[in-house]
Amino acid sequence: MSTDTSPGPAPAKAPAPPSTRPVVQPGDRIFAGSATGAGILILVVLAGVAAFLLIEAAPAFVAPAADIPGGNGIVAYIWPLVFGTLLAAVIALLIATPLAVCVALFITHFAPRRIAQPLGYLIDLLAAVPSIVYGLWGVAVLAPASVELMTWLQDYLGWIPLFAGPVSATGRTMLVVGVTLAVMILPIITAVSREVFLQTPKLHEEAALALGATRWEMIKMAVLPFGRSGIISGAMLGLGRALGETMAVAIILSVSGAVTFNLISSGNPSTIAANIALQFPESTGIEVNTLIASGLVLFLITLAVNSLARFIINRRREFSGAN
Amino acid sequence: MGKAIEAIDLDIYYGSFLAVQGVNMTIRPKTVTALIGPSGCGKSTYLRSINRMHEVIPGARVEGSIELDGTDLYGAGVDPVGVRRQIGMVFQRPNPFPTMSIYDNVIAGQRLNNKRMRKDATDDLVERSLRGANLWNEVKDRLEKPGSGLSGGQQQRLCIARAIAVQPDVLLMDEPCSALDPISTLAIEDLINELKMDYTIVIVTHNMQQAARVSDYTGFFNIEGTGKPGKLVEMDETKKIFSQPTQKATEDYVSGRFG
Ligand SMILES: Nc1ncnc2c1ncn2[C@@H]1O[C@H](COP(=O)(O)OP(=O)(O)OP(=O)(O)O)[C@@H](O)[C@H]1O
Ligand SMILES: [Mg+2]
């Protein structure tokens, strides 16, 4: 801030050496080198993965339709999986994001410090629990327990296609998968949101309060807009985890391959990752290529989702408060 | 608009630390009152207690009372949110909302009041407030641009526009010019002179000339030593404080012989 621009006498100094090359400290050079190296390495790995997927998937794309498992061609095979993957992930995201934002707000702005800190640790801890544990919980606890609720949904909200039924007797439905995934990604979204909420400048919070904002209005005016890109990033991390989640889905969902928005019946589309895990051990030849092709599609979906998130964040960059 | 403020036996605490002790001060309506004093003597603390922003800090509390035209702002059942809508504040560092446009910044307070306003009415309010803050001509062509893209002085005037857009009774300013160049400072001082037609203004400043230029009354706060509470030493008409103060400490301070 305090730049001295007074036109005082210039400090007496030896004339600059007539070198054209800027002086670079060895430390800087090492750091620049290793950072560049790491960046390149990531790109190389990514390109390698993409190349592997493309090469291994290619036979499935050119094979006659009858050779593909199911006998109706590659599109008919992959489409229900794509649908199931997106459906499960979207349900999880729709449930988890608002909840995570609320929990993060509670921790940062409402809870007394005595409660907020342990709660924060607990959330971080939950983020580290392996997904198979959530899967077991989903199939052993949540699924049987949810049958009653799903029956209720069918009885009273059955006119909404989502809850058309008939209710699965085991409870191993898309809804339960969605909820389990939501629980799974809740901690990561909460953790990321909490970090950005904590970084909201006091200055802006006080500006809102001084205008006569209630605490909730202050949050709407200062905290949420400031944390917006952080919330989106957190949601994307969560979405990435939900899209790729394998074991939890594999052990919970009862699959028929049907493409349906009916969330509470026993006929569900599988997801790409779960399908690969379940089918891979018994697959040979073209079947393997087909599975890898579905993996390629998952790769592309993740890429698309992340680009979309970047786009949303950048669209209002001017207003991000980063300047 | 423009109400009187009366502080009565005011003690201000941060937790158990008594930061300001025993302030009794009468601020007349539609005047400019300057608060001066050495760093750490509690000027900001006192200022923030007037619109109940002090208690936003965890553990911070106030004893005694502050009356706005006779009603105790710290009385039972008084909502601090309502107090802050009546008493606007401009901070030391300009703090427009970075996520809002210039236009939205100005009407941010109005939006809070949940009054649905017609578009032309808000346009009107925005223009009036920005004109009132001497900023209209500089920003009228870029109202949709983010407020954080303005210069420091412009941002500070935007904050003033935002504060007066809700038509408060009182305007508190905590060193509003300390981050600004002399030209912007003059612009804001001129503005203060205009605003006192409508508002009661309390301004904290470290700049003696500024206090002398803009204020009608001046209060001098002092502190006896670290850890001791700040106190209001004396308060009087500005020219009296600067020419013939009754207290030795005041005289030393305003003549630059302090510390
Ligand atoms: N958030 C806080 N928590 C605890 N003590 C505080 C806090 N803010 C200020 N204080 C203390 O209260 C006293 C008065 O501080 P205050 O900021 O009101 O001084 P000031 O007169 O505004 O100083 P300056 O001229 O430097 O702005 C100081 O001793 C300071 O350390
Ligand atoms: Mg201060």
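## Reading a predicted model: a dialogue

Modeller: S266(A) is found in the loop between α8 (247–252) and α9 (272–279) of chain A. The model is predicted.

Colleague: Which residues is S266(A) in contact with, leaving aside its neighbours within four places in sequence?

Modeller: P166(A), S168(A) and S254(A) are in contact with S266(A). For V49(A), which is 217 residues apart from S266(A) along the chain, the C-alpha separation is 35 Å.

Colleague: Now a serine in chain B. Where does S129(B) lie?

Modeller: S129(B) belongs to helix α4 of chain B, residues 119–132. Its relative accessibility is 4%, so S129(B) counts as buried.

Colleague: Next, helix packing. How should I read a pair of helices?

Modeller: Two packed helices are described by the angle between their axes and the distance between the axes. In chain A, helix α4 (residues 131–157) packs against helix α5 (residues 174–198) at an angle of about 130°, and their axes are 8 Å apart.

Colleague: What word describes how α4(A) and α5(A) lie to each other?

Modeller: Angles over 145 degrees count as roughly antiparallel and 65 to 115 as roughly perpendicular. The angle here is about 130°, and α4(A) and α5(A) are therefore oblique to each other. The crossing of α4(A) past α5(A) is right-handed.

Colleague: Which residues in α4(A) and α5(A) meet?

Modeller: From α4(A) come S131(A), Y134(A), W137(A), G138(A), L142(A), A143(A), S146(A), M150(A) and L153(A). Sorted by class, the contact of α4(A) with α5(A) has twelve nonpolar residues, four polar ones and no charged ones.

Colleague: What about a single helix? How many residues of helix α6 (residues 202–210) of chain A are buried?

Modeller: Seven of its nine residues are buried, so α6(A) is largely enclosed by the rest of the structure. The buried residues in α6(A) are H204(A), E205(A), E206(A), A207(A), A208(A), L209(A) and A210(A).

Colleague: How far does helix α6 of chain B reach from its first C-alpha to its last?

Modeller: Helix α6 of chain B, residues 152–165, has 14 residues and reaches 20 Å, close to the 20 Å expected at 1.5 Å a residue. As for burial, α6(B) is mostly covered, with 13 of its 14 residues buried.

Colleague: Let us turn to the backbone. Which residue takes a positive phi just after α6(B)?

Modeller: Q167(B) does, with a phi of about 50°. In chain A, α6(A) is followed by G212(A), which has a positive phi near 95°.

Colleague: What is the phi of R52(B), and where is R52(B) found?

Modeller: The phi of R52(B) is positive, about 60°, although the residue is not a glycine. R52(B) is found in the loop between α1 (43–50) and β4 (60–68) of chain B. Its relative accessible area is 10%, so R52(B) is buried.

Colleague: What is the phi of E175(B)?

Modeller: About 45°, a positive value, although E175(B) is not a glycine. The loop between β7 (170–174) and α7 (182–195) of chain B holds E175(B). At 13% relative accessibility, under the cut-off, E175(B) is counted as buried.

Definitions and conventions:
Residues numbered from 1 in each chain as written. Chains lettered and ligands numbered in written order. Predicted model: local features only at pLDDT ≥ 70, side-chain atom pairs only at ≥ 80, totals over all residues. Heavy atoms only, no water. Axes fitted to C-alpha atoms, helices over the stretch in contact; angles between N-to-C directions. Helix = DSSP H or I, 4+ residues; strand = E, 2+ residues; numbered from the N terminus. Parallel < 35°, antiparallel > 145°, perpendicular 65-115°, else oblique. Left-handed = near helix turned anticlockwise from the far one by under 90°. Contact = heavy atoms within 4.5 Å. Nonpolar A, V, L, I, M, F, W, Y, C, P; charged D, E, K, R; others polar. Expected span 1.5 Å × (residues − 1). Buried < 20%, exposed > 50% of the residue type's maximum accessible area, 1.4 Å probe, protein only.
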